[in-house]
Amino acid sequence: MSAGWWALLLASLLLFLALGDAPERTLFWDAFFDAGHLPLFGLVALAILGLLRAGSAPADHPRTWWLAFVLTVTLGALTEILQVFQPNRDVSIEDFLRDVAGAGAFLLMAAAVGFRKPACGPVRTAAGRATAAVVSGLLLVAASAHLATTVALYVERSQAFPTLFALDGSWWERRLIDANASVLTPRTRPLHQEMPFDEPLARLDLKPGTFPGLAFNEPYPDWSRSRSLAFTIVSDLEAALPLTIRVHDAAHDQRTEDRFNRSLVINPGVNRVVIPLDEVRHAPDRREMDMRRIRGIILFGYRLTKPTHVYVSAIRLVD
């Protein structure tokens with residue numbers, strides 16, 4: 001390839017880096033675009049190497065390959081710094097490390113297989129090429145681990161359906177549950193209270209605050225074939241405790257009127273909560289909620305002045 005083609009490839013890659021964005025803010029799309037730093041900066045490194053070799057730089061000298069790596073890493077650092085000035089983007093050390101891994105992996109692989117022809121490159125021996133290929137593979141695997149675990153999370157979530165959250169402390173649920181001024185302790189039951197069922201419970205400790213509670217992010221999204229959302233809250237308190245449950249979809253515009261909200265009164269003892277999904281569907285004031293793209297459930301208290309607690313069962317969809 002001529003220098004012009006390498007320059008065109010490099011410009012196209014940088015344009016995609018500047019303008020490309022995930023279609024939706026979900027764990028999968030964030031992980032997918034994060035993993036995209038690997039091939040993107042790997043190709044950037046090869047494009048820079050091609051430009052150097054098309055110029056006056058000695059094609060087979062290790063210094064040329066190291067220069068391509070350093071220039072790519074520098075470019076990766078600059079792109080992260082520039083994101084300070086871009087809306088909806090943040091500087092990410094993890095993304096920079098993926099840039100470094102992608103550049104290193106692609107250059108090592110190019111050295112292992114030969115760039116343009118097998119005998120052309122800084123690595124000439126079979127042992128050296130094998131080592132370069134192994135290191136390249138390890139870099140790619142390590143830098144792709146986040147995407148792999150995210151895909152595994154979605155698989156586990158699908159297998160648990162119609163249970164949305166078992167609250168059992170499983171690794172994938174821990175990634176989807178955010179605690180705000182609260183602590184969730186799985187597999188904990190009231191000590192001195194008879195239970196009419198053997199279902200596992202999780203203790204939810206709520207600290208004083210404006211909105212202490214739990215955000216259940218990205219539950220299984222398609223609720224269209226179910227009729228109700230159901231769970232149980234057990235209280236060993238002496239007085240009733242007011243809580244609120246909220247459900248929103250992907251199109252939620254952050255207005256209170258654009259989501260489902262229901263006040264709950266948790267009385268001492270066992271409280272079974274069953275919410276018809278038709279009520280959730282018709283909750284937004286200007287539209288119907290998209291029951292195929294549910295994005296969050298939040299259970300919270302309001303303006304608590306002292307610590308309190310309840311016990312929560314698994315959250316499920318019911319036909």
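**View 1. H1 and H3 are roughly antiparallel to each other (angle over 145 degrees, against under 35 for roughly parallel, 65 to 115 for roughly perpendicular and oblique for the rest)**. This is a predicted model, in which local features need pLDDT of at least 70 and side-chain atom pairs pLDDT 80 or more, while totals for chains, interfaces and linings use all residues. Residues are numbered from 1 along each chain as its sequence is written, and side-chain values use heavy atoms, without hydrogens or water. The axes of H1 and H3 lie 9 Å apart, at an angle of about 155°. Axes are lines fitted to C-alpha atoms, for helices over the stretch in contact, and angles run from 0 to 180 degrees between N-to-C directions. Helices (H or I, at least four residues) and strands (E, at least two) are DSSP runs, numbered from the N terminus. On the H1 side, the contact (heavy atoms within 4.5 Å) includes Trp 6, Leu 10, Leu 13 and Phe 16. H3 brings residues including Phe 41, Val 44, Ile 48 and Leu 51 to its contact with H1. The contact of H1 with H3 has 17 nonpolar, one polar and no charged residues. Here Ala, Val, Leu, Ile, Met, Phe, Trp, Tyr, Cys and Pro are nonpolar, Asp, Glu, Lys and Arg charged, the others, Gly among them, polar.

**View 2. H3 (residues 37-54) is oblique to H4 (residues 62-82)**. Their axes come within 9 Å and cross at roughly 135°. Residues of H3 in this contact include His 37, Phe 41, Val 44, Ile 48, Leu 52 and Arg 53. Among their partners in H4 are Trp 65, Leu 67, Leu 71, Leu 75, Thr 79 and Glu 80. The contact of H3 with H4 divides into eleven nonpolar, five polar and two charged residues. Phe 41, Val 44 and Ile 48 of H3 meet H4, and these three residues also meet H1.

**View 3. H2 and H3 are roughly parallel to each other**. The angle is about 20°, and the axes are 4 Å apart. Phe 33, Asp 34 and Ala 35 in H2 meet His 37, Leu 38 and Pro 39 in H3. By class, the contact of H2 with H3 holds four nonpolar, one polar and one charged residues.

**View 4. The largest pocket has a space of about 590 Å³**. Of its 24 lining residues, Arg 25, Phe 33, Asp 34, His 37 and Asp 95 are the closest to the centre. Phe 33, Asp 34 and His 37 also belong to the contact of H2 with H3. Helix H1 (3-19), helix H2 (27-35), H3 and helix H5 (93-113) each give two or more residues to the lining. H2 gives the most, with five residues. Nine nonpolar, six polar and nine charged residues make up the lining. On a 1 Å grid over the protein atoms alone, a pocket is an open set of points where a 1.4 Å probe fits, with protein on both sides within 12 Å along at least five of seven lines; lining residues have an atom within 4 Å of a point. Points are joined across faces, edges and corners, and the volume is the space filled by probe spheres set on them.

**View 5. The peptide bond from Phe 161 to Pro 162 is cis**. Its omega is near 15°. Pro 162 sits in the loop between helix H7 (145-160) and strand S1 (163-165).

**View 6. Ala 181 has a positive phi, although it is not a glycine**. The phi is about 50°. Ala 181 is in the loop between strand S2 (177-180) and strand S3 (182-185). Most residues other than glycine have a negative phi, and most peptide bonds are trans.
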